[in-house]
Structure formats: structure tokens, C-alpha cells
Amino acid sequence: CYSGDDSRFEYIYKFVSAKPYYKATAGGYLLDEGTLYVARFDEGGAGEWLPLDLEDAGFAAKVAESEGSMVGKVMFNGFENQADVLLNTRLAADIAGATPMDRPEWGAVDPNTGEVYFTLTNNTKRTEDQVNAANPVAQNKNGHIIRWQEAGNDYTADSFEWDIFVFAGEQGTE
């Protein structure tokens, strides 16, 4: 399942359950075990899902590098356990190297194509120095919609291809 943190410069997440989904028996138990990922939208339309999991060697190494240093505006002294990572998801996403987005609020999956659409409602605090390929408008007062396709049409994939589906606002405006 996908979710967004509806704040300026926050992130898009994906949770992949450790248990298989069967429509007839699906329930909340599917959220008990699995991996939480955060999106990194790279230049040129490629993307990667970064695991927020202390058992992942890459994430654990980034956490170790960050311990005892300033991350964002917070002095970081390490996570005690995986629950601590999940309670401090924004900080974990910062450490993982995710792409800060323009208020990711709502998402949907096209049942025919498998494409995922996510609204980025606005971010009037983004400066020219903070624009990136996925959030290319400074002072983004109108927002935009980003679209991606998971690699191999597999929702458990760790990579995806993305583009900007549409910019909001009146025609001819940013």
C-alpha cells in the first residue's frame, strides 16, 4: 500500500506486507509484518524504493554514518530498534536519502494499467535552489500529479519509472 506525508518537503511511502494478499481473506493482519519503503525520484525518470529497515545493510550503514550528527534540524543519536525507526519515519526517510516532495496527499492505482498516481498539493516554501526533477516548480502554489509504474508491474519491486502526469493551475501558469 502507498501513503504520503501531507506536509511540505515530506515523503511518499510504500508498505509491502510479508504475507500474501488474498481478496477473500484480507485483513489488518497484513500490516503486522513487512517492509516500509520511501521513494527516491531520480533525474531522468528512474526511481528507487529505499527500505526503512535496520536489517537492510544499506539503511543500517546510513544510520551508522548519521549517528551523533545533525540530520535536518534534529540531533540524531541512533535508533534503538525497528519500532523507533517506524515512530520517527520522517527522520528515517531523511537518513535514507528520499526525495522531499510538495505535500504528497493522495494516491490511486489505475486497475487497468497498474500505474500509480499521487497528488502533490503545493509547496509555496520551495525555493529555486530546492527544485528537483520530481518537484520542478519553485513557489509551487498549484501542485502537480506524479505518476509511476513499478518495475515489471510488480508492486513489490524496489524500482520504478516515473513522470509528471500534470501540473495544476490555470493554463500558462506555474
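1. W148 is buried, with a relative accessible area of 1%; buried here means under 20% relative accessible area, exposed over 50% and partly exposed in between, computed with a 1.4 Å probe on protein chains only. The model is predicted, so local features need pLDDT of at least 70 and side-chain atom pairs count only at pLDDT 80 or more, while totals for chains, interfaces and linings use all residues. Residues are numbered from 1 along each chain as its sequence is written, and side-chain values use heavy atoms, with hydrogens and water left out.

2. The whole structure contains 12 aromatic pairs. Rings of Phe, Tyr and Trp (its six-membered ring) pair if their centres lie within 6.5 Å; planes under 30 degrees apart count as stacked, over 60 as edge-to-face and the rest as tilted. Y2 and W49 are a tilted pair, because their ring centres are 6.0 Å apart and their planes stand at 40°. Y2 belongs to strand β1 (residues 2-4) and W49 to strand β5 (residues 46-51), 47 residues apart. Strands (E, at least two residues) and helices (H or I, at least four) are DSSP runs, numbered from the N terminus.

3. W49 is buried at 1% relative accessible area, whereas Y2 is partly exposed at 22% relative accessibility. Y2 also pairs with W148: the ring centres lie 5.6 Å apart with planes at 70°, so this pair is edge-to-face. Since W148 lies in strand β11 (residues 144-150) and Y2 in strand β1, the pair ties together parts 146 residues apart in sequence.

4. One aromatic cluster is formed by Y2, F41, W49, F118, W148, F160 and W162.
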